[in-house]
Amino acid sequence: MDLLLFKTLWGHTGSIDDAIAAAQKHGFDGIEGQAPSELDFRGRLTDAGLGYIAEICTVGSYVPNRNASLGDHLDSFRRQAEAALENQPRFLTVIAGCDAWPLSASVEFFGGAMEFAGRLGIAVSFETHRSRSMFHPWITRDILQALPAMRITCDFSHWCCVCERLIDTEPDVLALCAERAHHVHARVGYDQGPQVPHPAAPEYQPALEAHERWWRMIWKAQAQRGVAISTMTPEFGSDGYLQCAPFTQTPVADLVEINAWMARREREQFARGKSAHFA
């Protein structure tokens, strides 16, 4: 099994050519994000030797429209999934549903979205994300148990924030997520937030090492399933995630540097784990 690392477009303020250049500079294998408006996006990625993972957010941005119906979310998914195919992504990673829904509504939505993706012939992976259906471990467990074919994008940083603790307390849920994991968002959360100021800081070493334990569980489960390519996107971002000094709003760290650091470290961690068969 090999690991491919993708550069996130979240927080990127330049052109797509700037993003492509940054991906090449820092050794990423591709780009993940919502498709930009630039013409010939797919061709430019191909010329640069980069892959693409398409990101979809149903009915809203990262936080859903609270008044949207289940049907609205399905329609939003269908429209965006069809449009995403133009750029020939490896798969769709989807932020979907609503944290206020009952379990039955989430199961109905994800089942319908999976059926539509199957008709399109594209793999789909649903993210564990705050404000969305899989915003904490236990509802995620119940959804996965109801939908055995469902695959997920694991971003455990959200759960650390929601649960106000590192989630080693939930080994059964972590094991189930590892069995269903299709993709990983490599951001490090901690008990008071979804993003540590810098993952290399010694005061956040316990949080970093906890996330890496969970990612190794995923890699081991994927290897046991015979997965040939594992994908990961370092996803430290802006939009209130990156801590800033009061009054001046000066960022405490550089996002480009953080995500590049995470990519380098996780390549090393993966290589080390692979040589030990992810023991």
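Tutor: Helix α8, residues 205–225, packs against helix α9, residues 255–275, at an angle of about 50°, and their axes lie 11 Å apart. Helices here are DSSP runs of H or I with at least four residues, numbered from the N terminus. The axes are lines fitted to C-alpha atoms over the stretch in contact, and angles run from 0 to 180 degrees between N-to-C directions. The angle therefore makes α8 oblique to α9; angles under 35 degrees count as roughly parallel, over 145 as roughly antiparallel, 65 to 115 as roughly perpendicular, and the rest as oblique. The crossing of α8 and α9 is right-handed, a term used if the near helix is turned clockwise from the far one by less than a right angle.

The model is predicted: local features need pLDDT of at least 70 and side-chain atom pairs count only at pLDDT 80 or more, while totals for chains, interfaces and linings use all residues. Residues are numbered from 1 along each chain as its sequence is written, and side-chain values use heavy atoms, with hydrogens and water left out.

As to the residues involved, α8 contributes L208, E212, W215, R216 and W219 to the contact, and α9 contributes W261, M262, R265, E266, Q269 and F270. Contact means heavy atoms within 4.5 Å. By class, this contact of α8 with α9 has six nonpolar, one polar and four charged residues. Ala, Val, Leu, Ile, Met, Phe, Trp, Tyr, Cys and Pro count as nonpolar, Asp, Glu, Lys and Arg as charged, and the others, Gly among them, as polar.

W219 lies in helix α8 and counts as buried, because its relative accessibility is 1%. Buried means under 20% relative accessible area, exposed means over 50%, and partly exposed is in between, with a 1.4 Å probe and protein chains only. When neighbours within four places in sequence are left aside, W219 is in contact with M1, L3, S230, M232, E266, Q269, F270 and F278. The C-alpha atoms of W219 and T231 are 9.8 Å apart, the two residues being twelve residues apart along the chain.

Note on methods: Helices (H or I, at least four residues) and strands (E, at least two) are DSSP runs, numbered from the N terminus.
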